[in-house]
Amino acid sequence: MDIGGTLVKLVYFEPKDITAEEEQEEVESLKSIRRFLTSHTAYGKTGIRDVHLELLDLTLWGRKGSLHFIRFSTHELPAFLQMGRNKHFSSLHTALCATGGGAFKYEEDFRTMANLKLFKLDELECLIKGVLYIDSVVSSGLSECYYFEHPTDPELCEQKAYNLENPYPLLLVNIGSGVSILAVYSKDNYKRVTGTSLGGGTFLGLCCLLTGCSTFEEALAMATEGESTRVDKLVREIYGGDYERFGLPGWAVASSFGNMMCKEKRESVSKEDLARATLVTITNNIGSITRMCALNENIKRVVFVGNFLRVNTLSMKLLAYALDYWSKGQLKALFLRHEGYFGAVGALLELPNPS
Amino acid sequence: MALSGGTDRGSHRMDKSIILPPDEIFRNLENAKRFAIDIGGSLTKLAYYSTVQHKVAKVRSFDHSAKVSFQETDGDPLYEISVQEEITARLHFIKFENAYIETCLDFIKDHLVNTETKVIKATGGGAYKFKDLIEKKLKLKVDKEDEMTCLIKGCNFVLKNIPHEAFVYAKHADSEFRFQNTHPDIFPYLLINIGSGVSIVKVESEDKFERIGGSSIGGGTFWGLGALLTKTKRFDELLQLASKGQHTNVDMLVKDIYGGAYGSLGLTGDLIASSFGKSATTDKEFSKEDMAKSLLHMISNDIGQLACLYAKLHNLTRVYFGGFFIRGHPVTMHTITYSINFFTKGEVQALFLRHEGYLGAIGAFLKGAEEDNPNQYSWGENYAGSSGLMSVSPELNPVQRARSGTFPFDMLEMDRLERQLVNLPLLHDPTSYIPDTVDLTEDALARDYWLYCFEDALDGVVKRAVASQKDQPEAAERAEKFRQKYRHKLQTLRHQPFAYGSLTVRSLLDTREHCLNEFNFPDPYSKIKQKENDMALKYYLKVVKSVEELSWEQRQFALVKGLLAGNVFDWGAKAVSDVLETDPEFGFEQAKQQLQERPWLVDAYSQWIERMKGPPHKCALFFVDNSGIDIILGVFPFIRELLLRGTEVVLASNSGPALNDVTNSELQILTERIAAMDPVIQSAFKEDRLALVQNGSSSPCLDLSRLDKVLATVVRERGTDLVIIEGMGRAIHTNYYAMLSCESLKLAVIKNSWLAERLGGKIFSVVFKYEVPSKSQEQH
């Protein structure tokens, strides 16, 4: 489990090579949990199993099976714990490996509400382990890692597989509620370079305040329909064109939300425009900080992960574009299909050796 | 990025009944030429060059050639004093709200006599908007200049010419503003201009700068997004809301996710993990104040982070912040400072500028004045004509102010100095040199005392000013105006000690001199100086003779004592001016008796004598102090001894008058007169072993980082190895801690009992500080 500020990410390994004897010996509670998790794709109010991410025919700890990816809102953690209590998770004599801030914040709740002991793990370590593991096991079918070819040309821009066999050095940008930027030099050698509080939580938070929406999906849907240039002030609106003296193209945003200084324009924009501008602002800012970190650390490859990018092709293309354009093709933005689940995967991998 | 038109100000109407105070604003318009204007979103900055006519006191030697010897001139004054008109150049910068632009343009048109001016340089986002209005009103062609170029030019200019231009902001410190020394080399630096967007500019030299980056999240984002979130229209109001809010209600903190700190990464629980993160996860209503605060933090932190990343990448440590987002707003200066401290762990300091709002106007002006070579000169801030930091409080509502009938404006005036000013080459470390001994901005006790002291002395100064112009009936009226102006400055400084940079005794003295000049009292002490010089000259030979009769050891002591006794005669010190005013017979001998017996308060006399037994110095540079007894009976006999030892002597005196300090032109005449009496002085003067140079200043104090370029050359050429600084103003209020790369002697008599007590002594205590640089220092 990876318990973040907004979402809880749960990764479940379902062994498929269960023998008849094993099934006989299996306690009822385990069976019921397996059935519950694998037979549904939605749980409670916000729980979702991302079926398209499911990894089949995996060998883990000598067992064959499938890896399931489930997420739900951190708000629903109490409901989850209640369920755990009802389904007697505690009787499984199995450890629950957890990472993310919530592993620390809710440790006590796990113990008192569900009688579960958590093995707390560092989230950055889990994140890196998870990325490396998933990339190594996904060999057939859709490649885990991909990039956008011709990111600056909307006509030619297309998603391409990327081989992450020799990943180091690597800048790993995790966009959750907030953003963490890690420089990874090898499996065990990494550091957190910096972070920013302008992340997915900011996008959703501002969208909720500005448009009255309440979910990430809603906000994203609105952003897709909107036009940010009605909200942002562009370079050409100030200079009449490119600001040639400094090589700034006219289409670049000079001031995010800059047009909103004007009353008339505030009254003429739509909620969709505001959602789009929020998305563009947050995404560009992450791109800009990332680019500076890449320069400072002298790293050319950047992998973006985190649930902000889930079903968010807009942001991914924007990041790919921004990195390519402002670095004059020096930097490459890479993305991973299992976006937000790496922390949870990394935690799962610690299961055999809880210490 | 440029500041776009201040759209929400909307109406640029104003109450036509407001009358501009012509004595105070747009001064010297009659001779104005070379206009420049910088129109931002809410404020207009106008710049022009003008000439000012001052009265100056000139001294001219009487023709004594017909007379055979000194004795025969007995009874005649030594030199004549005449008051002449002198024209000096001054730059005027005025800042006012855009609402007043039409009225101001009308006013300028009515008062502009000079017709040579054809163009006005313009910059800023609003320059385009107001182009037609300016051209119609002023009949000047508007010539647009690149905003960033103007900004950088202006920034270079203030950093070079205004001491204490840059400051560090510390909200919770004893003094909010910590002013920085003027670095001899201002380059390279980073300028982060936060307008509607953010521009990050690396400046490497006068003409070389590059926009290395920027961000679209800037002042416009705060304003625009803030207006959407809070339905508050004005930027200033948004800042006010923010200053009252609690961001923790809106932001998701590390502790909201972790329950506490994220210890292994050193992230504290209070750190913002996700800006506005809570507004996505709860359905409750958020207060305007809280949202504005959260937004302010989000934007300030983001800018701070980018600034640090750019500073690191380009290896720069001096980072200045400007733009309308910053412009004197304590709230944003605080959040930006906080962010920079957080991201660089103190390696980089956020610096702000006192005249940040004027940079564009200054730069545009300089672009237009290139043929006058303004960068060839040194300029000085005129304290009398400048309103100081934050006189236009951004927190005040302009409408309310307009109703109250006052016209809010802010001014900066800079005088072109006759001499180009440079560092004394003998400063041990010019980058760390601080002229002033006590920073009154930080020392509240000392500040109270000195402000009181200067206020208390004001009557006497006014009286002296009137007395110096007995023949002019309106002098009393002018003196009264001087009194009001200076008193007002003192009051301002009491409330805002940081208004003109660090408050020091020197700045208080200089402000007084500027105010006196402003009202045409160029040299209130000219006649007194003349009288004293006359009197002292009569005793010169007697004094020289009396010391000549002494043994070597006795003579050295007598010479030092004479130097100190001479220094008692100082009209700048109230205790002494009282005595001198009531008892003009207070003589040289009596002064010696007033002096403290050895051991003195600071007493390095023994080391000095040991040194004097050794080989002579090559060249001594002597910063002299007062006229009369001090220079004639104290300094001359002393340097006479140095000359006899084979040491060359350079006497550095003020370029212009200040109190009763001897000026260079007076010293010229005095030296000639002494040379006529004394063959030792005569031959030294003739052979150029005794040289007179001006220090480039008109202050009773001494800033060794701003000295006449000629002086620096002379010092270098002559291989100066001894610097003597005399008097309270130059050796105590300033330079007491100055480290030089050669031997130095700082001596003064403390003629102020408060200061004496503070230093652990009594009135008339003696400071005799002889310093030899350590070996490591010499190698420096």
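Figure 1. B:Leu659 sits in the loop between strand E20 (648–653) and helix H22 (664–677) of chain B. Helices (H or I, at least four residues) and strands (E, at least two) are DSSP runs, numbered from the N terminus. The phi of B:Leu659 is near 50°, a positive value in a residue other than glycine. Most residues other than glycine have a negative phi, and most peptide bonds are trans. Is B:Leu659 buried or exposed? B:Leu659 is buried, with a relative accessible area of 9%. Buried means under 20% relative accessible area, exposed means over 50%, and partly exposed lies in between (1.4 Å probe, protein chains only).

This is a predicted model, in which local features need pLDDT of at least 70 and side-chain atom pairs count only at pLDDT 80 or more, while totals for chains, interfaces and linings use all residues. Residues are numbered from 1 along each chain as its sequence is written, chains are lettered from A and ligands numbered from 1 in the order in which they are written, and side-chain values use heavy atoms, with hydrogens and water left out.

**Figure 2. A loop residue of chain A with a positive phi.** A:Lys328 is not a glycine, yet its phi is positive, about 55°. A:Lys328 belongs to the loop between helix H12 (313–326) and strand E17 (332–336) of chain A. The relative accessible area of A:Lys328 is 76%, so this residue is exposed.

**Figure 3. Two cis peptide bonds.** In chain A, the bond from A:Tyr168 to A:Pro169 is cis, with omega near -10°. A:Pro169 lies in the loop between strand E10 (158–161) and strand E11 (170–175) of chain A. In chain B, the bond from B:Arg598 to B:Pro599 is cis, with omega near -5°. The loop that holds B:Pro599 runs between helix H19 (588–594) and E18 of chain B.

**Figure 4. A sheet in chain B.** Chain B has 27 helices and 25 strands. Seven of its strands form an open sheet, in the order E18-E25-E24-E23-E19-E20-E21, with mixed pairing. Strand E18 (602–603) and strand E21 (690–694) stand at the edges with a single partner strand each, so one side of each has no neighbour in the sheet. Two strands pair if DSSP finds at least two bridges between them. Strands of a sheet pair through backbone hydrogen bonds, either parallel or antiparallel. Strand E23 (residues 722–726) runs parallel to E24(B), and five bridges join them. Here B:Glu726 stands opposite B:Leu747. Strand E19 (residues 619–623) of chain B also runs parallel to E23(B), with four bridges. The bridge partner of B:Leu621 in E23(B) is B:Val723.

**Figure 5. Strand E24 of chain B and its residue B:Glu743.** Eight of the eight residues of E24(B) are buried, so the strand is largely enclosed by the rest of the structure. B:Glu743, B:Leu745, B:Leu747 and B:Val749 point one way, and B:Ser744, B:Lys746, B:Ala748 and B:Ile750 the other way. In a regular strand the side chains alternate between the two faces of the sheet. B:Glu743 is in E24, which spans residues 743–750. B:Glu743 counts as buried because its relative accessibility is 13%. Which side chain makes a polar contact with the side chain of B:Glu743? The partner is B:Tyr770, at 2.6 Å. A polar contact is a pair of N or O atoms within 3.5 Å; within protein, one must be able to donate a hydrogen and the other to accept it, and residues adjacent in sequence count only if both atoms are side-chain atoms. Contact means heavy atoms within 4.5 Å. Leaving aside neighbours within four places in sequence, the contacts of B:Glu743 include B:Arg611, B:His617 and B:Asp721.

**Figure 6. Where chain A meets chain B.** The contact takes 58 residues from chain A and 55 residues from chain B. One salt bridge is counted between the chains. B:Lys312 forms a salt bridge with A:Glu297, with the closest N and O atoms 4.0 Å apart. A salt bridge is a side-chain nitrogen of Lys or Arg within 4 Å of a carboxyl oxygen of Asp or Glu. Between chain A and chain B, 20 residue pairs are in polar contact (both at pLDDT 80 or more).
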